[in-house]
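Dear colleague,

I am handing over the structure below, followed by an account of what was found in it. Please read the account with the structure open beside it.

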Amino acid sequence: MATGSMYRVGVLGHGAIGSVVAEQLAAGTVHGAQLEGVILRRPQTGLEHEQLSWESALERCDLVVECAGQQALRENAVRILACGVDLLASSMGALADPEFAAQVQAAGPGRLSSTAGAIGGLDLLGAAARMGGIDQVLVTTRKLPATLVQPWMDAQRRGELEQAAGPVEVFRGPAAAAAQDFPKSLNVAAAVALAVGDWDAVTARLIADPEAGLTEHRIEARGPAGEYSFSIKNHPSPRNPRTSGIVPWALLHSIRQAAAARPERGATAIGLRLPRTPPAPSCRS
């Protein structure tokens with residue numbers, strides 16, 4: 001892990017989210033943090049940022065920011081944490097898999113944190129859960145039909161979505177299943193489940209709406225502490241309509257918080273905090 005006065009950040013992925021995060025870090029807009037480089041599955045030509053191998057990234061970075069999807073988080077989270085590098089994740093739906101969640105829980109001494117991403121109110125929901133528990137949470141997401149087509153859907157189901165003339169309920173069920181079936185659309189449900197500490201309490205509802213110019217998330221919760229309702233409407237990313245445009249900026253806000261908290265490493269973003277454990281013997285990829 002790197003040492004020095006600047007908080008050195010590696011960005012995993014360079015799509016709609018990662019490209020914005022890397023650009024802003026490189027431009028120096030996050031006080032106290034600097035872009036060390038980007039980490040890609042395959043090298044790209046013409047990229048202005050340094051492309052880091054895993055060996056180099058784990059030696060030079062204080063923090064890796066995951067902007068590459070649930071599969072990338074599953075493949076790389078444990079080795080990042082085992083090398084004493086902190087990890088800020090955007091694809092927290094991957095933790096719906098209990099086996100992977102247990103592996104991450106046991107990893108360290110790096111620490112995992114998440115960001116609020118496309119929604120708000122997680123701190124209040126977390127406080128309410130700790131006060132007396134949350135009895136029930138419903139997360140309703142409304143998006144354009146074309147952004148909800150999944151590889152596992154058959155031709156008939158894809159056609160129904162793409163040709164929908166009005167709102168269609170695409171999914172209603174447990175947050176864990178939602179995060180796995182719609183990995184680019186329902187990380188929101190996973191973020192809520194992690195905030196309240198109870199996957200079983202959270203139900204996700206996904207609506208395809210051809211009139212949904214904005215991506216809408218509505219969170220309704222109740223428990224001993226009270227009743228809560230939040231409605232968030234985000235513009236889609238101009239680089240990828242499946243992603244809310246606010247997500248990279250939420251990650252940048254979390255990076256700023258982490259950089260400002262130094263030298264107390266890891267006191268970072270809203271979300272999950274995992275305990276320190278002894279590091280694995282090797283940090284090599």
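By the rule that a salt bridge is a side-chain nitrogen of Lys or Arg within 4 Å of a carboxyl oxygen of Asp or Glu, the count comes to eight salt bridges. This is a predicted model, in which local features need pLDDT of at least 70 and side-chain atom pairs count only at pLDDT 80 or more, while totals for chains, interfaces and linings use all residues. Residues are numbered from 1 along each chain as its sequence is written, and side-chain values use heavy atoms, with hydrogens and water left out.

Salt bridges

One of the salt bridges is formed by the side chains of arginine 60 and glutamate 50, with N and O 3.0 Å apart. This pair links distant parts of the chain, since arginine 60 belongs to helix 2 (residues 54–60) and glutamate 50, ten residues away, to the loop between strand 2 (33–39) and helix 2; here helices (H or I, at least four residues) and strands (E, at least two) are DSSP runs, numbered from the N terminus. For accessibility, buried means under 20% relative accessible area, exposed over 50%, and partly exposed in between, with a 1.4 Å probe and protein chains only. On that scale arginine 60 is partly exposed at 25%, and glutamate 50 is partly exposed at 43%.

Arginine 142 and aspartate 209 form another salt bridge, their closest N and O atoms being 3.2 Å apart. The two residues are 67 residues apart and link distant parts of the chain, with arginine 142 in strand 6 (residues 136–143) and aspartate 209 in the loop between strand 8 (202–208) and strand 9 (215–223). Arginine 142 counts as partly exposed at 24% relative accessibility, whereas aspartate 209, at 9%, counts as buried.

A salt bridge also connects glutamate 169 with arginine 205, where the closest N and O atoms are 2.6 Å apart. Here too distant parts of the chain are linked, glutamate 169 lying in strand 7 (residues 168–174) and arginine 205 in strand 8, 36 residues apart. Glutamate 169 has a relative accessible area of 39% and is partly exposed, and arginine 205, with 26%, is partly exposed. Finally, salt bridges that share partners join Glu36, Glu50 and Arg60 into one network.

An open sheet of five strands has the order 7-8-6-9-10, with mixed pairing, where two strands pair if DSSP finds at least two bridges between them. Strand 7 and strand 10 stand at the edges, each with a single partner strand, so one side of each has no neighbour in the sheet. Within the sheet, strand 6 and strand 9 run antiparallel and are joined by seven bridges, and the bridge partner of valine 137 in strand 9 is alanine 221.

Strand 9 also pairs with strand 10 in the antiparallel sense, over nine bridges, and the two form a hairpin with two residues between them. Arginine 222 has glutamate 227 as its bridge partner in strand 10.

Helix 8 and its surroundings

Nine of the ten residues of helix 8 (residues 187–196) are buried, so this helix is largely enclosed by the rest of the structure. Its buried residues pack against helix 3 (70–82), helix 5 (122–132), strand 6, helix 7 (175–181), strand 8 and strand 9, with contact meaning heavy atoms within 4.5 Å. After helix 8 comes glycine 197, whose phi is positive, near 70°.

The axes of helix 5 and helix 8 come within 7 Å and cross at roughly 40°; axes are lines fitted to C-alpha atoms, for helices over the stretch in contact, and angles run from 0 to 180 degrees between N-to-C directions. The contact is made by Leu122, Leu125, Gly126, Ala129 and Arg130 of helix 5 and Ala191, Val192, Ala195 and Val196 of helix 8. As for its relation to the strands, helix 8 lies across strand 6, strand 8 and strand 9, and runs at about 165° to strand 8.

With kind regards
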